[in-house]
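I opened the model to look up a sheet and a helix pair. My notes follow.

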Amino acid sequence: MDTELSLADVARLEDVVDRAALAEVCRSFFELFSLPVRVFSRDGTLLSDVHEEQAICRYVNGFAPGRAACSALVGEVRALDPEGGPVEHPCFTGACYRVVPIHYQGRRLGRFVVGPYMPAERREVPRSLLVLDDRIDPRAARDALGEMPRVRQETIERITEHLRRVLDLILFSGHRAYLTSQMHVASVRESYRELTEKTQRLQEAYDRLKELDRLKSNFLATVSHELRTPLTSIIGYSDMLASGIAGELNGEQQEFVETIRSKGDHLLALITSLLDLNKLEQGNLPLRREPVAPSALIDDLAKTVLPQAQKKGVKVEVDVQGARDPMPLDPVRIKQVLFNLAENAIKFTPKGGSVRFGVRATEMVDGADDEGALGLVLMAAPRRAVEFWISDSGIGIPSSEHQKIFDAFYQVDGSSTREHGGTGLGLSIVKRLVDAHGGRVWVESKPGEGATFRVAIPEPDELA
Ligand SMILES: Nc1ncnc2c1ncn2[C@@H]1O[C@H](COP(=O)(O)OP(=O)(O)OP(=O)(O)O)[C@@H](O)[C@H]1O
Ligand SMILES: [Mg+2]
């Protein structure tokens, strides 16, 4: 529908005018002046009609030629559609109809007809009535005509003009209500259209992002895989060179080969991380659970990172409270989690600082993080769990970053002049591995006050 056009213009009387108000106006007009009135739309539809049958009409309709003449006359009056001003149409009975056009905003929207009425100056029964049928009795006709309302010309002009103005008012207020409702409909429709468009744009953007994400993952997987093979050769050959298989190396040569080797190791670790992350994202890194004492994992971790910490001048303390009962975990993956966290702790702690690891037995309730699942949380039985923690006295992390650091490639100080190395992958791998165990990882930290990372892992749900 063309809303703009119908908003600006009124094309049809029946769209705008309030039928009840129109009927009320016609009825009071009739009660006041005893003059029949009918309102027609532009195409001739009768919109309102208040009349009483006149005595003369009843009389004339008693004769067949009278009936024919009467209906012909009614047809003529109905067909009248005056363009300029009001017109009068005489009836063969001597009565008269006045047809007044209804205009609004320069358009002809319809007309109203007042009559029949008897012009006040007419006194005799006209010949046009008597010639219709021999049986018409002039005296009876005169009596019947006498019952018809008599109106002087200037009076009929005045009262029809008055009625025209009242109709104009009804049209105006009807038009206003019509406009308001059309505007409301238009604005609702517009909001709906905008919403639909936005939803569609969002959907398209989402689809594009998903596709990009898929391409990125494939790219990462392929590139990492292809890089790994030549890298293994580089590491292998530098190993052989360093061990003197290809002849003795002098001090400087030895040093260069060592650098090639250690950078190669670093690169390999990075590529392995990328591959891991990719597999985790695709959900195809299966866990190999076996019963392990969580306390043993922490002892093992301390041994692994001790040389690194000593080299940096950072103290290591271990605090194991229970958690010695075996629990089904993937030891390789949990070690990876703890190692990534410990590596960060040492990296972000200046010389002279300290790092503490620990583990304790605890309990976990399913969905405890999920605000919407409050009811379920109350009903769920807590599960046996362990909580590992890795604490440091290092630079700390502002609370606004506590969530973001778990995103891939995110680093708090992302500048190129960054003091600490790394790629920003460690924590994203941690998060995914912990998720895969059905656990939870979070950080407690303030800038300058060190950081504590906690990892809670529940016992696997037997029913799941
Ligand atoms: N113990 C910590 N103290 C202070 N900041 C930390 C700590 N652990 C992590 N961060 C911040 O979180 C960021 C993300 O850590 P993440 O382990 O994911 O990346 P990375 O250590 O920079 O690089 P990668 O682990 O890939 O070598 C770090 O760059 C650092 O800004
Ligand atoms: Mg890291």
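I looked at the sheet first. It is open, with 5 strands in the order β8-β10-β11-β13-β12 and mixed pairing. Strands here are DSSP runs of E, at least two residues, and helices are runs of H or I, at least four, numbered from the N terminus. Pairing takes at least two DSSP bridges between two strands. β8 (315–321) and β12 (440–445) each have a single partner strand, so they are the edges and one side of each lacks a neighbour in the sheet. The twist averages 15 degrees from one strand to the next.

I then checked β8 against β10 (residues 354–364). They run parallel, joined by 7 bridges. K315 stands opposite S354 in β10.

Helix α11 (residues 331–347) packs on this sheet and touches β10, β11 (383–392) and β13 (451–458). Contact means heavy atoms within 4.5 Å. The α11 direction makes about 25 degrees with that of β11. Angles run from 0 to 180 degrees between N-to-C directions, with axes fitted to C-alpha atoms, for helices over the stretch in contact.

Next, I took helix α3 (residues 19–33) and helix α8 (residues 153–242). They pack at about 160 degrees, axes 11 Å apart. A21, L22, V25, F29 and F33 of α3 meet I159, L163, V166, L167 and I170 of α8.

For the record, this is a predicted model: local features need pLDDT of at least 70, side-chain atom pairs count only at pLDDT 80 or more, and totals for chains, interfaces and linings use all residues. Residues are numbered from 1 along each chain as its sequence is written, chains are lettered from A and ligands numbered from 1 in the order written, and side-chain values use heavy atoms, without hydrogens and water.
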